[in-house]
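I am opening my notebook on a structure that is new to me. I want to walk through it part by part and write down what I find.

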Amino acid sequence: MSRYWSEIVHTLTPYVPGEQPKIEGLVKLNTNECPYGPSQAVLDAMAGQTTEALRLYPDPQAGSLKDAVARHHGLRADQVFVGNGSDEVLAHVFMALLRHEAPLLHPDISYSFYPVYARLYGVTTRELPLDAQFGIQVDDYLAAGPNGGIIFPNPNAPTGRAIPLADIERLLQGNPDSVVVIDEAYVDFGAQTAATLIDRHPQLLVVRTLSKSRALAGLRVGYAIGHPDLIEALTRVKDSFNSYPLDRAAIAGAVAAMDDVAWFDATCARIVATRERMTAALQARGFEVLPSAANFVFARLPGHAGAELAAGLRAQRVLVRQFSKPARIADFLRITVGTEAQTDVLIAALDTLLAR
Ligand code: PMP
């Protein structure tokens, strides 16, 4: 092995995604996908691709999708960047927008892809601890001294806890000189979006995905919205990697998904209702459940090890996510909100487990 290669192997610790099982018939509540299929309009738009269209390269700008996203948020198309899942959007953010003379600030318990990108792009980071209730304290970020950027999900993952818009506004007011990235992967399930602050705060970038509330994890579409200068920086980095991040079917499907507001509203409401039922059922069994504004809950059962609970559920074909690090969250389960029927199976499996 060459020295260079072995250095890369030892420096980079890749992100480990939740299990995508090869066996069928599992109740899959481990990676926060939508339990319902996407809007029929999405399927129709994708099936409508002609051979003549597929023969040709897609629009490198994905202009129709940028227009649809801009319409949705009341912005202009030059305030929109699109990518192959929000993970790719985030990769470009790390490359293009973070300053290197001061650390990137992010919560100690957060989306575990951030440290991976930071290592890949040589960005130094400083983790700020969540408070005793697993909440993000904006004052900690304001008091942290110079930073090269700030990033966190709202609602946070894997905790599901959201902070109010007023806190994000305060963070922006006190931090005018570096980019603030709010990762809104789960915002549609009950948190307040920061998209409304974009026109007043040029250092704000909001990142979204179509993987959760639009049921398109398999299509890989995400986007960022912000000041045109931030978008231009992202576009330059993107064009240096791959000027065609989205294929024709993905663009067509994503446009249809953005436009089908009735499907979107009904699906989000359905998931939120199931989340509340699941939360009550878990609490009735002694679980401590953090207040969730996401399509998952983060819960622990005092006196029970998280890894054992997760293994006990898996033995009954129910998949949930458990993180062994940091130790503070090792006893929590992150459980995706499934269908009503999947929720019944989860609760029955827990009852079987706890009766032993
Ligand atoms: N941000 C957060 C906080 C997430 O949990 C996820 C999903 N793992 C993503 C971004 C990435 O989503 P995707 O790449 O599917 O758009």
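**Ligand shell**

I started with the shell around the ligand, whose residues divide into 5 nonpolar, 5 polar and 2 charged. I kept in mind that this is a predicted model. Next I listed the residues around the ligand: G85, S86, D87, Y111, P153, A157, D183, A185, T209, S211, A217 and G222. Which helix gives the most to this shell? I found that helix α5, residues 85–97, does, with 3 residues.

**Domains**

I then looked up how the protein is divided. Domain 1 covers 3–37 + 262–355, and domain 2 covers 56–259. I noted that their C-alpha centres lie 24 Å apart. The contact takes 28 residues from domain 1 and 25 residues from domain 2.

I looked at the domain 1 side of this contact. Both α11 (261–284) and β10 (296–300) supply at least two residues there. The largest share, 5 residues, comes from α11. By type, I read 19 nonpolar, 7 polar and 2 charged residues on the side of domain 1 that touches domain 2.

**The sheet of 7 strands**

In what order do the 7 strands of the open sheet run? I wrote down β2-β8-β7-β6-β5-β3-β4, with mixed pairing. At the edges I found β2 (80–83) and β4 (125–128), each pairing on one side only. From one strand to the next, the twist averages 20°.

I checked one pair in detail. Strand β3 (residues 104–107) and strand β5 (residues 149–153) pair in the parallel sense, over 2 bridges. There, L104 has G149 of β5 as its bridge partner. I also saw a helix on this sheet: α9 (residues 228–241) packs there and touches β2, β7 (204–209) and β8 (222–226). The direction of α9 makes about 30° with that of β2.

**The sheet of 3 strands**

I turned to the other open sheet, in which 3 strands follow the order β9-β10-β12 with antiparallel pairing. Why is one side of β9 and of β12 left without a neighbour in the sheet? I noted that β9 (288–289) and β12 (332–336) stand at the edges with a single partner strand each, so one side of each has no neighbour there.

β9 and β10 run antiparallel and are joined by 2 bridges. I picked out E288, whose bridge partner in β10 is R300. Last, I came back to α11, which lies across β9 and β10 and runs at about 5° to β10.

Note on methods:
Residues numbered from 1 in each chain as written. Predicted model: local features only at pLDDT ≥ 70, side-chain atom pairs only at ≥ 80, totals over all residues. Near = placed C-beta within 6 Å. Helix = DSSP H or I, 4+ residues; strand = E, 2+ residues; numbered from the N terminus. Nonpolar A, V, L, I, M, F, W, Y, C, P; charged D, E, K, R; others polar. Pairing = 2+ DSSP bridges. Axes fitted to C-alpha atoms, helices over the stretch in contact; angles between N-to-C directions. Contact = placed C-beta atoms within 7 Å. Domains from an automatic or database assignment.
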